[in-house]
Amino acid sequence: MRHPFRGIWSRAAALVACALTATLVAAGATPAQAAAADDTERPTAPGPITVVAIDTTWVELTWAASTDNVGVVRYPVGAQFEDFGAQYSTDTTSIRITDLRPARTYTFSVWALDAAGNSSLSNPTLRLTMPPGDDQPPSAPGQPVAYDVAATVVWLRWAHSVENVALDRYEVFRVDAGGTLTRVREVSQYPPVNSAQISGLAANTTYTFVVRARDEAGHLSPLSAPVTVTTLPPPPSCAVRSVVRQWSDGFVAHLVVRNTGTTAVDGWTMTWRFWASQQVHGIWGAKVVDRPNNGYLRVGNTGRNAVIPPGGTVSLGLVASGTQLPQEVTLNGGLCVVADE
């Protein structure tokens with residue numbers, strides 16, 4: 001015989017269950033989330049990293065799984081080279097990392113995260129040097145050209161070496177008496193630029209320089225053809241008188257530069273403060289050479305005013321945007337006294 005209340009109690013139980021489910025959904029919670037919210041225990045550290053496979057630009061790593069009271073959901077993986085690093089992630093106990101560089105030494109680390117965001121300690125790191133992947137040296141750089149010369153500084157540039165994988169740096173050498181090479185500059189930013197400033201030189205002195213390339217596998221190129229440069233005489237004494245007409249975002253400057261020394265200036269460059277945002281709209285009595293370090297403007301003589309005799313002057317003018325007027329004016333590296341009018 002069917003119990004008269006059995007169906008009533010079954011329906012009541014079903015209604016209660018539906019009400020509880022609706023309450024949980026309305027609160028935006030699930031049983032798994034509720035468990036994760038109460039989880040404060042961190043996973044154990046993953047096992048040591050081992051290499052499964054490796055090539056010149058990629059590596060496949062694996063490690064023993066972490067354990068956790070609820071469950072590990074993700075393994076972040078770090079790859080560090082000198083001061084540069086990258087982070088990857090996987091939900092398994094292995095990963096393939098690509099776009100690495102041949103012959104570089106990386107430090108890899110792995111740790112575990114659970115659903116509540118608890119992080120394990122990192123496992124023992126793996127320090128790994130990638131295979132070289134390069135058995136060819138770079139070609140010799142092009143012959144350097146001295147594109148600017150001062151009393152104690154020379155600026156050199158050269159054509160790039162040809163390399164089958166990746167260049168690492170250029171080395172600039174001074175060729176001393178007897179052919180001895182002394183390294184005076186290393187251009188190591190990546191990718192390396194094909195120019196360098198050589199400072200700390202003696203005025204009115206002749207130097208010879210060569211350049212060599214090094215690739216990331218450590219192979220050295222042949223030396224470039226040499227360039228011989230004579231630095232300028234010591235910076236002259238000078239004074240600058242400037243007449244400036246200025247408006248809200250620009251100015252016209254007329255400069256009269258006097259050689260206050262006892263030796264004639266034969267060929268000159270001048271520099272002064274010039275913001276990176278400023279533009280030259282017109283110039284006379286000189287020509288723009290470059291804008292070193294984006295903080296200065298360097299101009300040079302024309303064919304008609306290269307010589308400034310002792311006590312003599314040279315005049316030049318500038319129309320430019322911005323509000324930074326000519327300041328810290330130098331003539332061939334010597335700081336001039338500036339008087340505004």
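Here are a few notes for getting your bearings in this structure, which is a predicted model.

1. Start with the overall make-up. Of its 341 residues, 37% count as buried.

2. Next, the contacts. Take those in the chain with a separation of 6 or more: residues 24 or more positions apart account for 65% of them.

3. Now look inside. The largest nonpolar core holds 22 residues, and V257, W268, M270, W272, V299, L316 and L331 are the ones with the most contacts within it. Two or more residues of this core come from each of β16 (238–247), β17 (250–259), β19 (269–273), β22 (296–300) and β24 (313–321). Another core, of 18 residues, lies apart from this one, and includes I97, Y106, L128 and M130.

4. Leaving out residues up to four places away in sequence, V257 touches C238, A239, V240, M270, G312, T313, V314, L316 and L331.

5. Two backbone spots deserve a look. E82 is not a glycine, yet its phi is positive, near 50 degrees. You'll find E82 in the loop between β3 (72–81) and β4 (84–90). With a relative accessible area of 60%, E82 is exposed.

6. The other spot is E328, also a non-glycine with a positive phi, of about 55 degrees. E328 sits in the loop between β24 and β25 (330–331). Its relative accessibility is 41%, so E328 counts as partly exposed.

Conventions: Residues are numbered from 1 along each chain as its sequence is written. This is a predicted model: local features need pLDDT of at least 70, side-chain atom pairs count only at pLDDT 80 or more; totals for chains, interfaces and linings use all residues. Side-chain values use heavy atoms; hydrogens and water are left out. A nonpolar core is a set of buried Ala, Val, Leu, Ile, Met, Phe, Trp, Tyr and Cys residues joined through side-chain atoms within 4.5 Å. Buried means under 20% relative accessible area, exposed over 50%, partly exposed in between (1.4 Å probe, protein chains only). Helices (H or I, at least four residues) and strands (E, at least two) are DSSP runs, numbered from the N terminus. Contact means heavy atoms within 4.5 Å.
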